[in-house]
Amino acid sequence: MARFEHTVTVAALDRHWFEEAAGHAVDLFDASREQDGAILLPDGRPIHGLRLLKGRHLQSGAWYGESPEKKDGQAAPEAAVLREWRPSRTVEVESRVAEEGMSLRVGVRLREPRTPKALEVSLDGHNPQGGSLYRFSGRARADLHAWWAALDRPSSAPPAARAPVVGTAKHRLGKARLTVTPRPAEDGTWRVSVVLSVRGRWLLRPVAAVGLLLARRPVERGFREGVDGAAEEWAELLAELPSLHGEALRAEIADALTTP
């Protein structure tokens, strides 16, 4: 098994702003309505790039996408189906995409959306023309309550025993596990540690071990660059977020949803 770890310092996201923004976004969708396929916000403006393709708006089984459905009545190939819409408890969406010979199914589930408690993501992919080597799967869960709790600890305290974010990936040749653990820094920023563990599966473990031994340095370099790149993207995202609250923040989110 190979293990890689890298820690970065990133700007902190205000929890209260995040939960307020999530609540406004969920309320806007919950109050929206459908008209001739377009999804309209309470003020009558259509959400850009989102249309109802099949089913009833905000009902289980409804299909959404950017383009109209096919002539045979089937939903467009790049579309998302709403599995569950209960804003006070769970929102779940599943999308299926066919790209470059691969068929992908992505599922996203958000617990207690108005004040997000946990985010779960699943990914399954395969090539319909290929065998088991063309199949893979992944699962990730972000326990947001545990994330904020880890950041409420004193900066001098040891990291949380359990990582709030855990992701796993499986393939016939091997499997990987990724964890993300934050801790507060004295200057108010976050110190985020990312750990990646990779190992071969079954009889392929010795082969994978040799491969990882030979390629350890480039893999480790790529891992560090990936984490650093994610930290840079996080900084860019925070710089673009509006420092608004209340109705001003709600209006800003509505503008973002309706602007091309």
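Student: Which residue caps the N-terminal end of H1?

Tutor: Aspartate 14 does, with a side-chain oxygen lying 3.2 Å from the backbone nitrogen of histidine 16. Please keep in mind that this is a predicted model, in which local features need a pLDDT of at least 70 and side-chain atom pairs count only at pLDDT 80 or more, while totals for chains, interfaces and linings use all residues. Residues are numbered from 1 along each chain as its sequence is written, and side-chain values use heavy atoms, with hydrogens and water left out.

Student: What does the protein average in pLDDT?

Tutor: The average is 89, and 90% of the residues score at least 70; pLDDT is the predictor's confidence in each residue, from 0 to 100. Where pLDDT is low, the predicted coordinates should not be read in detail.

Student: How many helices and strands are there?

Tutor: There are five helices and 13 strands, where helices (H or I, at least four residues) and strands (E, at least two) are DSSP runs numbered from the N terminus.

Student: Back to H1, what span should its 16 residues have?

Tutor: At 1.5 Å a residue they should span 22 Å, and the end C-alpha atoms of H1 (residues 15-30) are 22 Å apart, which agrees; the expected span is 1.5 Å times one less than the number of residues.

Student: And which of its residues are buried?

Tutor: Trp17, Glu19, Ala21, Ala22, Gly23, His24, Val26 and Leu28 are buried in H1, where buried means under 20% relative accessible area, exposed over 50%, and partly exposed in between, with a 1.4 Å probe and protein chains only. What covers them includes strand S6 (79-86), helix H2 (144-151) and helix H5 (246-258).

Student: Where is histidine 57, then?

Tutor: Histidine 57 sits in the loop between strand S4 (46-54) and strand S5 (63-65), and it counts as buried because its relative accessibility is 16%.

Student: Which side chains does the side chain of histidine 57 make a polar contact with?

Tutor: It makes one with the side chain of serine 32, at 2.8 Å, and one with the side chain of tyrosine 64, at 2.8 Å. A polar contact is a pair of N or O atoms within 3.5 Å; within protein, one must be able to donate a hydrogen and the other to accept it, and residues adjacent in sequence count only if both atoms are side-chain atoms. Leaving out residues up to four places away in sequence, histidine 57 also touches others, including Phe29, Arg33 and Leu52, a contact being heavy atoms within 4.5 Å.

Student: Is serine 243 buried or exposed?

Tutor: Serine 243 counts as exposed because its relative accessibility is 70%, and it lies in the loop between H4 and H5. Its C-alpha atom is separated by 8.3 Å from that of tryptophan 17, although the two are 226 residues apart along the chain.

Student: Changing topic, what volume does the largest pocket have?

Tutor: The largest pocket has a volume of about 810 Å³. Of the 29 residues that line it, the closest to its centre are Trp147, Val165, Val180, Val192 and Trp234. Helix H4 (residues 216-240) gives the most to that lining, with eight residues. On a 1 Å grid over the protein atoms alone, a pocket is an open set of points with protein on both sides within 12 Å along at least five of seven lines, and lining residues have an atom within 4 Å of a point. Grid points are joined across faces, edges and corners, and a volume is the space filled by probe spheres set on the points.

Note on methods:
On a 1 Å grid over the protein atoms alone, a cavity is a set of points where a 1.4 Å probe fits but cannot get out, and a pocket is an open set with protein on both sides within 12 Å along at least five of seven lines; lining residues have an atom within 4 Å of a point.
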